[in-house]
Amino acid sequence: MAALACSPADLHPLLGGNATSAAAEYICGRFDAVSSKFVDTGYAVDNTYLLFSTYLVFSMQIGFAMLCAGSVRAKNTMNIMLTNVLDAATGSFFYYLFGFALAFGTPSNGFIGQHFFGLAKFPSQSFDYGFFLFQWAFAIAAAGITSGSIAERTQFGAYLIYSSFLTGLVYPIASHWFWSADGWASPARADNLLFGSGVIDFAGSGVVHMVGGIAGLWGALIEGPRVGRFDHSGKAVTLRGHSATLVVLGTFLLWFGWYGFNPGSFLNILKAYGESASYYGQWSAVGRTAVTTTLAGSTAALTTLFGKRLLVGHWNVTDVCNGLLGGFAAITAGCSVVDPWAAILCGFVAAWVLIGFNKLAEKLKYDDPLEAAQLHGGCGAWGLLFTGLFAKKAYVNEVYPGVENRPYGLLMGGGGGLLAAQVVQILVVAAWTSVTMGTLFFILHKMKLLRISHEEEVAGMDLTSHGGLAYEYDAEEKEEISF
């Protein structure tokens, strides 16, 4: 919020001949004090909004933990819960030391940040602590996505290694390219915008979801499927998670957190569009973003419900939950720049993208206990393409102001520049994550640090690595739980 100015020289003639210069200076002094308070209030409101959004995003870690726990067999519950806790704890340490600096250490070049290692010389004119915390919550979300793909068969040490590497290096550099004002593909660059537009990945369909999903893809591919996932003839065998209740609880918590993830990515709320004292401003865009997020997820859930009913003949709550999350992952890129009707289309297509990728995964004997690579990687990529097709001119200019004739959605009459930039992001994120995380998982595999033994996997990681089962069972139930 800009400060209002008062000049005694301008005020003196207006007060009449009897008014003294001292009176004019006094009035302007009081005016300036009030103006400064308004500026302070503006900063406080925006930072409170950002911190509140951060807390919502962090609550998604609870959702990830519940979703993961419900999606695995009971004998691996403690293991997957602990990995979710450590994603956040390990991510805190490495994002503080390296990640934030590599992502947002301005001034920098287009490829990597160069300042604020260990939050040195922080806060600054550019960033305050709330911004760091918000970005940290996004970084650990990406790590949480990956953990689902490699669940039930990964050595505990491998979780610590990949989580540190992802949050400290891989994710931050990708986020620098597309979110930092210095990034080579950022829409906030002062000049040399990619295809005249830059990439619009508002809350991270590519930066968060594709990075996490593709990292998980390589981990699961290199490890191979779980014991018993495919029979001797190659036919898929369902290894059903032990608690649909936890899956639904986790899904609702993630839904709740997404209202910080997407609307919170505006970073501030007290901003007018055009004339001040208007009912329409950034607060309206925040509300619209929450609406598009809701509609995309809800449409994807309903489409999955009826689509799976037609394909397999029953109503499956786990499939519906994953469809809902696929819709959210897809709309995350363009949530701020599309109309609500377009969000419905986004969710509808996202559901079929997820169903299609799951069918392909089954044919290729790819095993992902939480469908994380298909959901976050596949639906995230669709979300980027969707934004390049349906971004609305007025919204693009409000959210990303200052560029004349900026391209917008191809199907909205904005040309192909934005769509081309989105395609570049898909290719670059896929390549960067594959080279870095694929190499890491391959090295861990060769060093025999990635997958647990056959015997440990059959017995369950809770029993072999964590001192006992998560639940109390009688002797007969203990025999059943090992299958």
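# Briefing: helix packing, aromatic pairs and backbone exceptions

Tyr-162 has its place in helix α5. This is a predicted model: local features need pLDDT of at least 70, side-chain atom pairs count only at pLDDT 80 or more, and totals for chains, interfaces and linings use all residues. Residues are numbered from 1 along each chain as its sequence is written, and side-chain values use heavy atoms, with hydrogens and water left out. The protein chain has 16 helices and zero strands. Both are DSSP runs numbered from the N terminus, helices being H or I with at least four residues and strands E with at least two.

**Chain overview**

- Of the 483 residues of the protein chain, 54% count as buried. Buried means under 20% relative accessible area, exposed over 50%, and partly exposed in between, with a 1.4 Å probe and protein chains only.
- Among contacts in the protein chain with a separation of 6 or more, 74% come from residues 24 or more positions apart. Contact means heavy atoms within 4.5 Å.

**Tyr-162 and Phe-441**

- By the ring rule, the count comes to 37 aromatic pairs. Rings of Phe, Tyr and Trp (its six-membered ring) pair if their centres lie within 6.5 Å; planes under 30 degrees apart count as stacked, over 60 as edge-to-face and the rest as tilted.
- In one of these pairs, the ring centres of Tyr-162 and Phe-441 are 6.0 Å apart and the planes stand at 40°, so the pair is tilted.
- Tyr-162 lies in helix α5 (residues 156-179) and Phe-441 in helix α13 (residues 417-446), so the pair ties together parts 279 residues apart in sequence.
- The C-alpha atoms of Tyr-162 and Phe-441 are separated by 7.8 Å.
- Tyr-162 is buried, with a relative accessible area of 0%. Phe-441 also counts as buried, at 0% relative accessibility.
- Beyond its neighbours within four places in sequence, Tyr-162 is in contact with Asp-87, Ala-143, Thr-146, Ser-147, Ile-150, Met-437, Leu-440 and Phe-441.

- Phe-306 counts as partly exposed, at 47% relative accessibility.
- One aromatic cluster is formed by Tyr-95, Phe-100, Phe-104, Phe-116, Phe-122, Phe-127, Tyr-129, Phe-131 and Phe-132.

**Packing of α8 and α9**

- The axes of helix α8 (residues 282-312) and helix α9 (residues 317-331) come within 7 Å and cross at roughly 145°. Axes are lines fitted to C-alpha atoms, for helices over the stretch in contact, and angles run from 0 to 180 degrees between N-to-C directions.
- The crossing of α8 and α9 is right-handed. A crossing is left-handed if the near helix is turned anticlockwise from the far one by less than a right angle, and right-handed if clockwise.
- On the α8 side, residues making the contact include Thr-292, Ala-296, Gly-297, Ala-300, Thr-304 and Lys-308. On the α9 side they include Asp-319, Gly-323, Gly-327, Phe-328 and Ile-331.
- The residues of this contact divide into eight nonpolar, eight polar and two charged. Ala, Val, Leu, Ile, Met, Phe, Trp, Tyr, Cys and Pro count as nonpolar, Asp, Glu, Lys and Arg as charged, and the others, Gly among them, as polar.

**Helix α10**

- Helix α10 (residues 340-363) has 24 residues and reaches 35 Å from its first C-alpha to its last, close to the 34 Å expected at 1.5 Å a residue. The expected span is 1.5 Å times one less than the number of residues.
- Buried residues of α10 include Ala-342, Cys-346, Gly-347, Val-353, Leu-354 and Ile-355.
- What covers the buried residues of α10 includes α8, α9 and α11 (372-390).

**Backbone exceptions**

- A cis peptide bond joins Thr-106 and Pro-107, with omega about 0°. Pro-107 is found in the loop between α3 (77-104) and α4 (129-149).
- The peptide bond from Phe-122 to Pro-123 is cis, with omega near 0°. Pro-123 has its place in the loop between α3 and α4.
- Glu-371 is not a glycine, yet has a positive phi of about 55°. Glu-371 is found in the loop between α10 and α11 and counts as buried, at 17% relative accessibility.
- Asn-405 has a positive phi near 55°. This residue is found in the loop between α12 (393-399) and α13. Asn-405 is exposed, with a relative accessible area of 77%.
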